[in-house]
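Colleague: I am new to this structure and should like to learn how to read it. May we go through it one feature at a time?

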Amino acid sequence: MKEICVSLIGNPNTGKTTLFNTLTGSHEHVGNWHGVTVEEKVGYLFYNENKIKLVDLPGIYSLSRLSFEEKVATDYLIKNKDNIVVNICDYNNLQRNLYLTLGLIELGCKVLMVVNQIEKKKFRKINIAKLQKKLGIKILEINAQSKESVEEIKKEICNFSCQEPKINHLKGIDLHEAGKSLPKGLSNLDKNFYAIKLLEDDVDIKNKFNVDKVFNKAEEIASARYNYIDNLMNECADKQIKTYGQSKLDKIFLNKFLAFPIFLLLMATVFYLTFFSLGSFLSDGLSFILEKFVKSPILSLIESNFGSEGFLYNFFDSAIFSGVISVLTFLPQVALLFVFLSILEDSGYLARVAFMFEDILSKVGLSGKSVYTLLMGFGCSTSAILTARNMEDENAKIKTALLTPYMSCSAKFPIYICLGGAFFGVNNVFVILGLYLLGLVIAIIMSLIYEKTILKSKEQSFILEFPPYRAVGLKQICKVFFQNVKLFLARVGTLILAMNVIVWLLGNFSFSFKYIGNVEGETSILQTLGRIFAPIFAPLGFGSWGLVSALIAGLIAKEIIVSSIALFNHVDSSKLLDFQQSLKDPASAVYFANSSSVLAYLVFCLLYFPCLASIGVLYKEIGKKWTFFGVLMQFVVAYFITMMIYNISRAFEIFGFLKVFVFLMIFLIIIFSFVFIIRKIKKKNCCNKCENCMKNCLKKK
Amino acid sequence: MLTLFKCKSNRNYLIVGIKEDCYFSIKRRLLDLGFTQGQRVCKVKSSLLNKVVLVEIRGYLLSLKSKIADYILVEER
C-alpha cells in the first residue's frame, strides 16, 4: 500500500474544513467565519489500495508569514515539499483566492486546485478549462459537500502527475539580483521562492540567510501578481455581477439605529427559546421519560432484591440516578444553545457583529473579534478559549481568553434554575438575566483594568473579511445538535458520573471509612473538609459546609454543584420541588437562611474559578503565568463582588428599599465628585495644547 | 492628501499608494489583500463611532480599522 501525503490549504472561509470533513468523514467544527481552523489537523482516507494522509492547514490569504497561522502553514509547506497541495478556492471570490495560488506556485508546490462553489448562485461564469491551461495547474470544479466531488478529488490525488509549475506572473521583476545573496546549492525552485521573499523584505527569510539589504520591492511584486490575476480573469471569466459578501440585509443589520436593538433582540430570542420556552419543554419531557422508564424500574428491582434501606439502594438512588438525571435533564437546553450559536456563526451574522462592536470594544482594549469568543463563552468556555487564538495581538488574545470564563457558561444555568427558583419564584427570570449581564459587565470592567495596567493592547489592524449571508441548512443544524448531544452524554457518562460517585462516597463515609448513611451525629469526610473552608465564605452569606463542599466539587464541572447539594440533603434533585423545599428547610443539611444568601451564592458560582477543563485550556493557550494570575484574579473578583452584592441585598431586606437606595445614591455621588475633582486638579497641571500629557508638556517648556 | 478613511462613502476611488509611515507588516498585509496602486476601491460604510470602515475592493468586502484605512492614499477618478 502506498501512502500519499496531501496538504489542504486555502483562504479562510472557502469551505476548507467542510471538504476535510467530507473527505475524511470526521466532524471538525465548521463556521462561516474566518479562521475556524487554528492548527493543523490530520485525517486519513483510502482509495484503491492507496492510503492518503490529509493535513488541514489554517486558512490564510498569502504566504507572507505575518500572522501565526501563516507561519504555521508556510513552514509546513516548506518542510513537506513532496506533498500534493490541494488548494481550495471559492468560485465567487476567485480573483482574491488566486493570489494564494500564485504564492503556492512560487513555492514550487505540486498544486491541485479545487474550486468550490458554496453559494447557489454564480456571481460570474468562469471558463475553468481555459484557466487551467493558462495557469498550468490541474483545476477541478467541485462542491465540497457532495460525495461525487470527493471521489473525483481522491481519484485525482492518486493519479496526480507532477508537472513542475512555471512562474509566469513575475515577468518584469529581476529575481537574479536577489538570487545573488542566496547561498549556492539551492534548487532552482527554492532559489526563486527565497529570492521573491527577499525582494519582499521578509524578515524571517532575511535572517535565515543573513541578508541586510533592503530591496523594497513588495509593492511591485504584489502589483505584478494582481495584474496577472486581473488579466487571467478578463480572459477566462465574465464580468462579476455582485460583490462577494454584499447583501441588502446589511441595510437593516448594520443600520445606525437598528443594528444594536436587532442584536439584542436576537440574543434575547436565543436565550428565551433555549432556556425557557422550547428548551424547558424538551427538558421537562426528558426528565419525565428518564424518571418513568429508567430510574423507577431499576430502583424497584433493587428494592425487591435488597430492600430499600442500606448501602446499595442508597448508592444507586443518590449517587447515580439523582445526580446524573438532574444533569441530564439540561441536555436539550445545552444542545439548543450550541445550535443557535452555530446558526449565528454559519449565517455570516457574527462578522457583522464584530464590525458593530469594534467601536465599543476597542475602547476597553478588546477587538471586535473578541465578540465571537465571548459569545461562545455562553456555551462552553473550554471550547471558546480556543477560538481566541486567531487574534492578531498577543495581549488582546490573553485578555479575551482571561475574560471568557466570566461569561455564564451553560453548565452554570442549572444552578440558577434550581437554587434561584426556590427563592425568587417567577422573578427568577430577572435574576438569571441579571446574572448573565453581571458576567458581561464584569468582563468589560476587568478588560478595562487590564488594558490600563498590565495588558495594554497594541494597535490592531482588525482586518476582517465580510462573508456573504448564507441560509443554514436543516442538515447542518441536526449535525450540530446531535454532535453536542453526543459530547454532553459522553461528559455525563464519564466525568460527571464519576464525580457524583466520588462526592457521594466522600459525603457518606467518615474518615475512618465507615458508612454513615442517614445516621445522625457522624461527620463525613466532605463535611469535615467543608467545615475547614466554610469560615472563609461566612462574610458572603453562605458559610455552611455543604455549600462550600459543593463549590469544591464544582471545580471539576459546574454541573455537579446542584447534584451534590441534593446529595447532602438526601433528596432527589431531579424532583425539583422536593429539592427546592429542602433548601428552605432549616432542618436539612444545606439550606439558605434568606434570599440574599442565595443571590450571593449564585453570583459566586457565576464568577469563581473556571472548571478544570477550562484551566487546562488556558494553560495551554496563554501559559502558566497568565493562567495562574487570571484564575486567582477571578477568585478575588468573585469574592469581593459577592460580598458587596450580599451586603447590599441584605441591607435592602433589613432597612427597606428606599433608605438603602438613597444611601447608595449619596455614596455614588460622593465618589463621582471625588473623581471629578481629582481630574480637574490633574488638568490644571497641563497646558491647554495637550491633554493628560505631563511629560510632553515638560519637554516643550 | 485624500485617504480611504476621509473619502466619501459609496463612491469609486483609485488607490495612489500606501503612506510611508505605515508599519511594514501592515503595508504587506494590505498589498496581499489587493490594495495595489491603480486599483479601484470604494468605502461602503463607516461604523457608528467611525472606528472601522467597510471597504469594497476587487469584488469583495473587507472591514478595516479607520487608522489603517487612513494609511491608504486615494484619488478621485
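Modeller: Let us begin with the domains. In this predicted model, the domain assignment of chain A gives domain 1 (2-158), domain 2 (260-620) and domain 3 (659-701).

Colleague: What distance separates the centres of domain 1 and domain 2 of chain A?

Modeller: Taken over C-alpha atoms, the two centres are 39 Å apart.

Colleague: How many residues does the largest nonpolar core have, and where does this core lie?

Modeller: The general idea is that nonpolar side chains tend to be buried together in soluble globular proteins. Here the largest nonpolar core has 198 residues, and A:Leu8 and A:Leu602 have the most contacts inside it. Because domain 1 and domain 2 of chain A both give residues to this core, it lies between them.

Colleague: Which residues does A:Leu8 touch, not counting residues up to four places away in sequence?

Modeller: Among them are A:Phe20, A:Leu54, A:Val86 and A:Ile88.

Colleague: Is A:Leu606 buried or exposed?

Modeller: The cut-off for a buried residue is 20 or more other C-beta atoms within 10 Å. A:Leu606 has 24, so it is buried. This residue is found in helix α26 (residues 595-607) of chain A.

Colleague: Which residues are in contact with A:Leu606, leaving aside its neighbours within four places in sequence?

Modeller: They are A:Ser408, A:Lys412, A:Leu435, A:Leu438 and A:Gly439. A:Ser408 is 198 residues from A:Leu606 in sequence, yet their C-alpha atoms are 6.0 Å apart in space.

Colleague: What confidence scores accompany the model?

Modeller: Where pLDDT is low, the predicted coordinates should not be read in detail. For chain B, the mean pLDDT is 89, and 100% of its residues reach 70 or more. The model scores ipTM 0.94 and pTM 0.78.

Methods: Residues numbered from 1 in each chain as written. Chains lettered and ligands numbered in written order. Predicted model: local features only at pLDDT ≥ 70, side-chain atom pairs only at ≥ 80, totals over all residues. Helix = DSSP H or I, 4+ residues; strand = E, 2+ residues; numbered from the N terminus. Buried ≥ 20, exposed ≤ 12 C-beta atoms within 10 Å, placed from the backbone. Contact = placed C-beta atoms within 7 Å. Core = buried A, V, L, I, M, F, W, Y, C linked by C-beta atoms within 7 Å. Domains from an automatic or database assignment. pLDDT = per-residue confidence, 0-100.
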